[in-house]
Number of protein chains: 2
Amino acid sequence: MDEATAFAPGHVTAFFAPYPDDDPVRAGSRGAGLALSDGVEVTVRPPDGDVTDVAGDPAAAATEGGLAALDLDGSPAEMDPVNRVLAELGIVADVEVTSDVPVGAGFGVSGAAALATALAANELFALGRSENDLVRVAHAAEAAAGTGLGDVVGQFRGGLPVRLEPGAPGHGRMDGVPARPRVEYVSFGELSTERVLGGELDPVQEAGETALRRLMRAPDEHELLAAGREFASEAGLLVPEVAEAVEAVEAEGGQASMAMLGRTVYALGSGLSDAGYDADACAIHPTGATLRAVE
Amino acid sequence: MDEATAFAPGHVTAFFAPYPDDDPVRAGSRGAGLALSDGVEVTVRPPDGDVTDVAGDPAAAATEGGLAALDLDGSPAEMDPVNRVLAELGIVADVEVTSDVPVGAGFGVSGAAALATALAANELFALGRSENDLVRVAHAAEAAAGTGLGDVVGQFRGGLPVRLEPGAPGHGRMDGVPARPRVEYVSFGELSTERVLGGELDPVQEAGETALRRLMRAPDEHELLAAGREFASEAGLLVPEVAEAVEAVEAEGGQASMAMLGRTVYALGSGLSDAGYDADACAIHPTGATLRAVE
């Protein structure tokens, strides 16, 4: 075997209550979101065609594990969470990332890349880790890199994942909304997660907890969207282009909200098309992230 | 909406340690298995074309919820776990079950039917339950009916599910083996779960715990098969046709074991074909059970 490939769905967070922690496996968020059939595919290869496994030597792993090179949609790039995953696994590798969804726009591309890298590297280098172990490594890498607090566990579960308790497997606790609606989305560009999460967190936490309580009283796709919409307003996170699009969808009787955290609007069904937007459409991804079966 | 459909993968248990309990949400088993792309599809319809929801009236639900009629692969049939799911949900419905895998042969068809019924009924009758709730209802129905102790939670997770702790969501704890091998299987007929589980459980429990410890030291598909094979011998559960087929696969350098509990042999890759058997082939189902998206 000279390469392994894994897929992780894009993940739009509808609402969240952040719980940072110095321990990255305990850091996380409560909240809920949508795992999309549009996502991220990662192929891992040994850097020079040979499988270099430094996992047997912890000192070497700590200093030597990491990215040899990363390619994102055809161009060299850096992705700190992916580098951290390989370092933690004690592996040196080339990583090729292709994304169906825009980067930096609230689809959790960094988390998806970290998670798919963990799954593919485990297969290629025969590391013998369990699924929970690999999710833990990817979640901790995201949290430590400061790029996300809840995408990885949602991307592993798939569907419409709900984070009842924050943190990686063994700390957090998941549920899900058992619905599989069609989804549309339009992105207007990037938004800095760090800038938003670097501000005052109390109002966000309070709005996130309110939204979660609301959703779990009757968890279906309409409550998910409505709770997300209320959260975006309450937490003061709506950006103007997104607010305008949400209102346009609502004027046509549809439901839409803002992807947390991105300059992106998503809607149920054909909400954005009905409002005259040129939207991408996809399904809810029933699977969590998964290794691609070798044909 | 006049019907809803859900799919649940077939689930072959590789090994298990049973933990019966008077409380059916706590009853369960430790162990591991394989969720198959071959599985069970369930369509739920109102009995007379109308949605009859007695859930708002607990007394009526307790006495009135249940199957109006069940059709299994084109013939009227009875499935106690499915009836119990509808009773618990307070719903009267027609249920149509179609199965890719043989019934009573160790593929967890009753658990799959119960789980898919719960998902489809929740959608059709807009019950507003969460995924964990629905898995809990299906798991408890299986346990109370005495037809299984671990299939439902494995079928919800998908992949190569591992039951670290027994019981429904909120009680049990899951992990998974992150591999997606091709699988072959041959069934020689039915085997009574009740007869086996009605016997002495201590040797089964001990062999199951040993197998789980073995697997989690290096969880990959080969250890899963090897642990299952050792369990089948240690627990004294191998039946003659299956033992013969396992040996034939091993003689060709392959890996095979017995589906717990069924007169069924399963093998990795092309193990059974290589040994001259006319086997069915399928993939590991990456998804847990899921509602079919409405097109």
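Which residue forms a salt bridge with A:Glu131, and how far apart are the closest N and O atoms? The partner is B:Arg180, with the closest N and O atoms 3.0 Å apart, where a salt bridge is a side-chain nitrogen of Lys or Arg within 4 Å of a carboxyl oxygen of Asp or Glu. This is a predicted model, in which local features need pLDDT of at least 70 and side-chain atom pairs count only at pLDDT 80 or more, while totals for chains, interfaces and linings use all residues. Residues are numbered from 1 along each chain as its sequence is written, chains are lettered from A and ligands numbered from 1 in the order in which they are written, and side-chain values use heavy atoms, with hydrogens and water left out.

**Interface of chain A and chain B**

- Chain A gives 27 residues to the contact and chain B gives 27 residues, contact being taken as heavy atoms within 4.5 Å.
- About 2100 Å² is buried between chain A and chain B, with 46% of it on carbon and sulfur atoms; buried area is the accessible area (1.4 Å probe) that two parts lose on being put together, summed over both.
- A:Glu131, A:Pro178 and A:Arg180 supply 30% of the area that chain A buries against chain B, which is more than any other three residues.
- Four salt bridges are found across the interface of chain A and chain B, and the pair A:Glu131 and B:Arg180 forms a salt bridge.
- Between chain A and chain B there are 19 residue pairs in polar contact, both residues being at pLDDT 80 or more; a polar contact is a pair of N or O atoms within 3.5 Å, and within protein one must be able to donate a hydrogen and the other to accept it, with residues adjacent in sequence counting only if both atoms are side-chain atoms.
- The elements that give two or more residues to the side of chain A that touches chain B are helices H3 (109–124), H4 (131–145) and H5 (151–157) together with strands S7 (173–177) and S12 (290–291) of chain A, helices (H or I, at least four residues) and strands (E, at least two) being DSSP runs numbered from the N terminus.
- S7(A) provides the largest share of that side, four residues.

**Relation of the two copies**

- The same surface serves both copies, since 100% of the contact residues of chain A recur in chain B.

**Salt bridges over all chains**

- Over all chains, the whole structure holds 30 salt bridges.
- One of them joins the side chains of B:Arg30 and B:Glu165 (2.9 Å, N to O).
- B:Arg30 lies in strand S2 (residues 28–45) and B:Glu165 in strand S6 (residues 160–165) of chain B, so the pair ties together parts that are 135 residues apart in sequence.

**Backbone details**

- The peptide bond from A:Met260 to A:Leu261 is cis, with omega near 0 degrees, and A:Leu261 lies in the loop between strand S9 (256–258) and strand S10 (264–268) of chain A.
- A:Asp73, a residue other than glycine, has a positive phi near 50 degrees and is found in the loop between strand S3 (66–72) and strand S4 (75–76) of chain A.
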